[in-house]
Structure formats: C-alpha cells, structure tokens
Amino acid sequence: MIQLTRKREKALVGLEIEADSIAAAEVRVNGTSTLSTTAIAPLPPGAFIDGEVANPEALAEALSELFSSHKLSKRVRLGVGNQRVVVRTIRLPAIDDPKELDAAVRFQAQEQIPMPIDQVVLDHRVVGGIPATPESPAQIDVVVVAARREMIEASLVPLKKAGLQPVGVDLSAFGLIRALGDSTPAPTLVERGDAAPAPSATLYCNIGEGANLAVARGRACLFTRVAPAGLEGIAASLAGSAGLTLEHARMWVKHVGLSQPVDEIDGDRSVVTAARVAMEAGASSLEDELRLSLDFYGAQEGAIPVDHVVLSGPGSGIAGLPERIEASLGLPLEVGCPQALAGLDPASAARLTLSYGLALDS
C-alpha cells in the first residue's frame with residue numbers, strides 16, 4: 001500500500017510538579033519513542049504544597065511560560081502522588097471479562113479504600129496471581145488506585161488555564177517504573193507455580209519533595225506509596241533552625257550532604273552544622289519510611305521478595321545518602337538514570353526521571 005501523506009509524529013509531555021519546580025519531558029512517537037525536549041522551571045513559593053495545587057493562578061502562569069519558552073507540545077500527562085491517593089493490592093478470582101472484573105474491583109474497593117467510592121477516581125491493573133489447583137480455582141492480584149476526585153479536578157485547573165491539553169493523569173510511581181524498570185516479564189499465573197524459579201522484585205525510590213516508593217517486577221507495580229520524608233521537609237527544618245529562606249535552605253542541604261566531615265565543608269560553620277543535623281534527621285526518617293514500607297509490602301499475601309533498590313530523583317544526588325540507605329536496608333542499591341537522559345547533567349537527569357516516565361506509554 002502506498003502512503004500518500006506522511007504520518008504525523010505524536011508528541012506527549014510528561015509533567016511532574018513539586019513544591020520548588022516544574023519538570024517536563026517531551027517524547028515523540030513515530031515507530032519508536034524518542035525524547036525530544038526537556039525543561040525545568042522554578043515555582044514561586046506557595047504555588048504547590050504537599051503534592052497539591054495551592055495557588056492555581058501562579059502555577060498556571062509558570063506553566064504557560066515554561067511551555068511557551070521551550071515550545072513544548074500542549075498534550076500533557078500529569079503525574080500525581082500525595083496523601084490523597086490510595087493504592088491497594090487485592091486478590092480476586094480469575095475473571096476474563098473486563099466489565100465483570102471492573103465490577104468486582106469496585107465491589108472489593110469499598111472495603112479496601114478508606115474513602116467513599118463515589119468521591120474517587122478509581123483505576124486498576126492486573127499484576128499477577130496464582131494458578132488453579134485441584135483444591136482451588138485460579139486467582140489474580142490486582143493493584144487498585146483511588147484518588148480523590150476533587151484533588152484530580154483541582155490539579156487540572158491550572159493546566160487548562162495555561163492552555164494545555166491534559167490527555168491523562170497517572171500515578172507518579174507508575175511513571176517511575178516505566179522510566180527505570182527492566183524488561184523482566186510481569187508475574188503470571190504460570191510463573192507463580194511450584195515449578196517456576198523464585199521471582200524477585202525491585203524497590204524503586206524517587207526522592208524529591210517527598211519519597212515516591214514502588215515495588216515492581218519488570219513493569220508490573222506490586223505496591224506503592226508516597227512517604228512525606230524527603231528533601232522539602234529537610235529544607236524546611238533547616239530554614240526554621242538557621243533562619244534561612246526555604247530557597248537558601250534547599251541549596252545548603254545539597255551542599256552539605258552526608259559524606260564529608262563538617263569541618264571540611266566550606267561555608268558558615270553554624271549553618272553547615274545545622275544543615276548536617278537536618279540531613280541526619282531527614283535521612284533517618286527516610287530510612288524508617290523505607291523499612292516500614294518494605295515490611296508492609298512483605299506482609300501482603302503472595303508478596304514477591306525484594307532483592308535490590310533503585311534510587312532516583314534529586315535526593316539520589318545528595319552525597320552520602322545512597323550509601324547510607326544501602327547500609328540501612330541491607331540490600332544492594334544503584335542510582336538509576338534512564339538512558340534517554342544520560343546526556344544531561346546529573347542533577348537535571350535526576351529531576352526529569354519521573355517526567356520522562358510519565359511521557360512513555362505503558
């Protein structure tokens with residue numbers, strides 16, 4: 001067949017917003033997915049707080065300027081990850097019919113999700129299960145995501161004010177897995193049988209404003225949660241104790257880190273000391289959250305053991321933090337960076353990892 005017109009490339013921007021900045025990654029699809037443009041812009045204080053829109057006008061203005069100056073596609077997929085998103089894994093009888101499965105998920109979600117079902121946006125994905133035996137029928141494991149409808153609607157207001165076209169809202173953790181996950185097949189009914197080799201899972205941790213955590217095998221998310229422990233809390237603690245602006249506190253946190261002795265770090269001695277104290281406390285909180293999450297995940301029926309950790313996000317560039325987390329968890333750890341972002345400076349690549357994953361197809 002002769003094609004008379006050239007097929008137009010589809011461009012999609014993965015958009016991830018945190019308290020201090022916006023990160024956008026544009027991916028074009030024309031047979032293969034190619035990263036075409038990236039952009040990072042600061043946000044004014046108070047525009048975005050605790051993973052939610054606080055000042056829609058200020059955020060819309062920042063988005064409009066960012067997309068205009070970098071000539072980004074208006075088609076965007078927004079990542080969300082905050083305390084008003086709930087993720088649960090439930091086990092159900094194996095159901096082939098999509099409508100029947102959807103009905104079963106909604107029925108079970110009423111008991112599993114601590115929010116009125118009529119007030120949430122609900123989505124689900126099958127991530128594995130167990131085969132039938134002479135004693136019991138086949139079952140499937142389903143990850144259920146529920147987000148407050150009002151929060152989702154509020155998140156879209158500044159995008160539309162900025163003239164953008166939201167084509168989807170996705171869990172940030174799913175974007176993280178797409179950006180860094182390997183090609184290991186998702187667990188299936190056959191693989192979970194007695195004859196299959198013991199499977200293993202990966203803990204992904206993106207440290208930014210907070211910590212986005214996800215346990216996955218290949219591209220299949222088995223567990224995820226958002227933990228408040230992250231760089232913003234550390235910076236806020238330092239700002240309060242040292243009398244700094246939040247912007248300056250963020251810079252001091254990155255400058256001081258955890259690897260060098262305090263007396264070898266350049267800068268005002270009192271601020272350096274306060275920054276190290278804040279970093280030590282923040283790192284301890286993050287370690288506690290990671291251990292708690294692994295324990296909670298491990299207690300779930302059919303949980304696949306986690307055998308290593310992939311760290312990403314701005315926090316992965318804090319000197320000494322990856323090594324500390326590795327020692328605390330007792331698991332091998334690597335700092336992850338998508339190959340498509342490898343040509344950028346490390347700080348930009350770390351900030352853009354989630355955005356890049358959000359722009360990719362599932």
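The dialogue below goes through the terms used for this predicted model and the values behind them.

Colleague: What should I keep in mind about numbering and confidence?

Modeller: Residues are numbered from 1 along each chain as its sequence is written, and side-chain values use heavy atoms, with hydrogens and water left out. Because the model is predicted, local features need pLDDT of at least 70 and side-chain atom pairs count only at pLDDT 80 or more, whereas totals for chains, interfaces and linings use all residues.

Colleague: Why is Pro-98 called exposed?

Modeller: The term buried means under 20% relative accessible area, exposed means over 50%, and partly exposed lies in between, with a 1.4 Å probe and protein chains only. Pro-98 has 62% relative accessibility, and therefore counts as exposed. Pro-98 has its place in helix 2, where helices (H or I, at least four residues) and strands (E, at least two) are DSSP runs numbered from the N terminus.

Colleague: How do you know that the span of helix 1 agrees with its number of residues?

Modeller: The expected span is 1.5 Å times one less than the number of residues. Helix 1 (residues 56-69) has 14 residues and should therefore span 20 Å, and its end C-alpha atoms are 20 Å apart, which agrees. Among the buried residues of helix 1 are Leu-63 and Phe-67, and the helix is followed by Lys-71, whose phi is positive, near 55°.

Colleague: What makes a set of residues a nonpolar core, and which residues have the most contacts inside the largest one?

Modeller: A nonpolar core is a set of buried Ala, Val, Leu, Ile, Met, Phe, Trp, Tyr and Cys residues joined through side-chain atoms within 4.5 Å. The largest has 98 residues, and those with the most contacts inside it are Leu-15, Ile-22, Leu-63, Phe-67 and Ile-325. Helix 7 (residues 269-298) gives the most to this core, with eleven residues. A second, separate core of 15 residues includes Ile-90, Ile-140, Val-142 and Val-144.

Colleague: What makes strand 7 and strand 8 the edge strands of their sheet?

Modeller: Two strands pair if DSSP finds at least two bridges between them. The open sheet of three strands has the order 7-9-8, with antiparallel pairing, and strand 7 (85-93) and strand 8 (120-130) each pair on one side only. Nine bridges join strand 7 to strand 9 (residues 139-148), and in this pairing Thr-89 stands opposite Val-143. Helix 2 (residues 98-112) packs on this sheet, touching strand 7, strand 8 and strand 9, and its direction makes about 120° with that of strand 7. Here contact means heavy atoms within 4.5 Å, while axes are lines fitted to C-alpha atoms, for helices over the stretch in contact, with angles from 0 to 180 degrees between N-to-C directions.

Colleague: How do you know that strand 14 and strand 15 pair, and in which sense does the chain cross between them?

Modeller: Strand 14 (residues 306-312) and strand 15 (residues 333-335) are joined by three bridges in the parallel sense, against a requirement of at least two. One of the partners of Val-309 is Leu-333 in strand 15. The chain crosses from strand 14 through helix 8 (residues 321-329) to strand 15, and this β-α-β crossover is right-handed; the term applies if, with the strands pointing away from the viewer, the path from the first strand over the helix to the second runs clockwise.

Colleague: Why is strand 14 called mostly covered?

Modeller: Five of its seven residues are buried.
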